[in-house]
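Trainee: Please walk me through this structure, one feature at a time.

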Amino acid sequence: MDLSSILDFARPQVKDMLRVQGTLWLGSHAGLFRLDDQRLVAAEGWSDGEIKALGPAPLGFYVAIKRGKCCEVHRCGADGRSLDLLPALTASDLKCVSGLRSVWAGAKKGVYRLRDKAWQPVYVQDSCEVARVEEREDGIWVFCKKHGPEMTPAVLRSKDDGATWETLWTGAYHDAVLAASPALAVTRWRHKVKSGENGKYKKTPITAAVLLADGKLAVLDGHKLRIERPGHSTIEAKHPVFAEAEHLDLERGRAIVAGGQGAYSVDLTNGTVLDLFSGHPVPDHSYHIKKLYALKPDSFLAATSFGTFRSVDKGDTWAPVSGDWTVHDSEGLARAEDGTFFLACQRGLFASRDDGLSWKHEKFDAVSEFWLELTGITAFAGGVALSSKNGLYLWRAEEPKLLRRVESLGALRVSLVTPSAEALLAVAEDRGVYRVEPGTGQTHKLGVLPASAGEVGALWEERGIPWVQAQWGVFVLRDAGFVACPLPSTEGPWHGQATTNGVLLWNAARAWLRKNEGWASVEGWPGGPIKKVVLASGGAYVLATDRKTIYRLPVSESGLVGASH
């Protein structure tokens, strides 16, 4: 298997950008870089970790870098050299760092300030995940990804150095505030929202926004870069690589666009796009192979942090797909009755009518709830079902511009949906397993999974009976509810995948395919942190990824172990 056909396109994930004394710095999983005209120059001493955040500091800037299990915070000079090492924070907690007067850190559970060489809580609660902290003339601004009992985005401000806080902006779940002033907010799904107004939802997501003092607004809107100028015409450039980028900077007739796909310079006079990381080494910890899907026999799709690729030769070689977006943050693939493939992504639905060669962004009318993080997809007679963090939606070929929510499930988070005999099966956040009639939208709760089951990974039916794979076991519906089944090993946690090609179960050491009411072992399983797998048509082999490479492994019929029920 030759992965160079994918890895030649790999680019480091850029996690933050910051302009310091006129110089633009980029923090990435491959190190720290400064932009010198149209060329990225690597700063020494940062290539051995994953940079998580950059923040302004007096006469320089802060760099938060993950090394091991902790996140080091360095105060650097304007040349990018470390001057001081601040106290460490848990790597999974730290989200941002900033400090021109005091040093602030945003974390998964609130805001901290550095005092007496220790991080002290200033505004901390379980329901406060901070994305950004800014020191402004009118106080400390905190942009929260999740806040309050409803875990909705919010912007907080303190005018007394953190003693008290007020909420300036709040919105619906997943409608993050990307930029804000006291009078205006730019959100992911509502574009510009004035104070006291609700705004209108859009069909494409805004992933980055910059509000400038002269009234200009620059946004990344799907695959469009748009600069709105009061009293002047809007500047717009389009490119598939812009989609899903989370960082944007403007300077002297050009824009810098960056994210998981790397970094790109955009000439605003002619729309030319330059790949800034071209020719730079890309360490294997700086990118991710995220998902694998089966299209047709021996034909597959791979979704990565830097693009989406197709193979038609069992995964031996790969080629980039074409379409509206380069990066697809995907959660599931389904094939409709007419042969159209639908790829459900967190912020949109994409369709391919040429067996995965190209993908078109589908847009819908009358979706008042907008895209609230899709979690999965499955096909049924006449349409597809989309599970999301805000309910279950149905799309029918006879109404191609409409999505309808299954109102009996309401806004419950639906983690999985799969086909059933003339119906659908779904698992919701209440641990309930539901049968859903796609024709009427009626639901019937079949049972509830044990609280000890953990996160659900796969859902399928055998002889009309629902089965569920969860983090700590496999469960089947009996008269008394869902009960645990014997497994081919005692070592959890468990991972699983159920598709029309079959059911695969694996742990840290081995993997098994569900066959004849038993489990057939997968030969040569690499073990370790295998994240995603896909089963080939016919069940002869699987493709698996640990996020860095792709393995093709045969399934052994002779390895069949006893029936699990």
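The questions and answers below cover cysteines, a pocket and strand pairing.

Mentor: This is a predicted model, in which local features need pLDDT of at least 70, side-chain atom pairs count only at pLDDT 80 or more, and totals for chains, interfaces and linings use all residues. Residues are numbered from 1 along each chain as its sequence is written, and side-chain values use heavy atoms, with hydrogens and water left out.

Trainee: How many disulfides does a search of the whole structure find?

Mentor: A disulfide is a pair of cysteine sulfur atoms within 2.5 Å. For Cys128, the closest cysteine sulfur is that of Cys144, and because the two are 3.8 Å apart, they are too far for a bond. Over the whole structure, the number of disulfides found is 0.

Trainee: Is Cys485 buried or exposed?

Mentor: Buried means under 20% relative accessible area, exposed over 50%, and partly exposed in between, with a 1.4 Å probe and protein chains only. Cys485 has 10% relative accessibility, so Cys485 counts as buried.

Trainee: Which class has 11 residues in the lining of the second largest pocket?

Mentor: A pocket is found on a 1 Å grid over the protein atoms alone, as an open set of points where a 1.4 Å probe fits, with protein on both sides within 12 Å along at least five of seven lines; lining residues have an atom within 4 Å of a point. The second largest pocket has 19 lining residues, and Phe9, Val241, Tyr264, Phe306 and Thr326 lie nearest its centre. Ala, Val, Leu, Ile, Met, Phe, Trp, Tyr, Cys and Pro count as nonpolar, Asp, Glu, Lys and Arg as charged, and the others, Gly among them, as polar. The lining has 6 polar and 2 charged residues, and the class with 11 is nonpolar.

Trainee: Where does Ser305 lie?

Mentor: Ser305 has 2% relative accessibility and so counts as buried. Beyond its neighbours within four places in sequence, its contacts (heavy atoms within 4.5 Å) include Gln13, Tyr287 and Val327. Strands are DSSP runs of E, at least two residues, numbered from the N terminus. Ser305 lies in the loop between strand S29 (299-304) and S30.

Trainee: Which residue stands opposite Phe61 in S7?

Mentor: Two strands pair if DSSP finds at least two bridges between them. Strand S6 (residues 60-67) and strand S7 (residues 70-77) run antiparallel and are joined by 8 bridges. Their hairpin has 2 residues between the strands, and Gly68 takes a positive phi near 70°. The residue opposite Phe61 is Cys76.

Terms used:
Helix = DSSP H or I, 4+ residues; strand = E, 2+ residues; numbered from the N terminus. Contact = heavy atoms within 4.5 Å.
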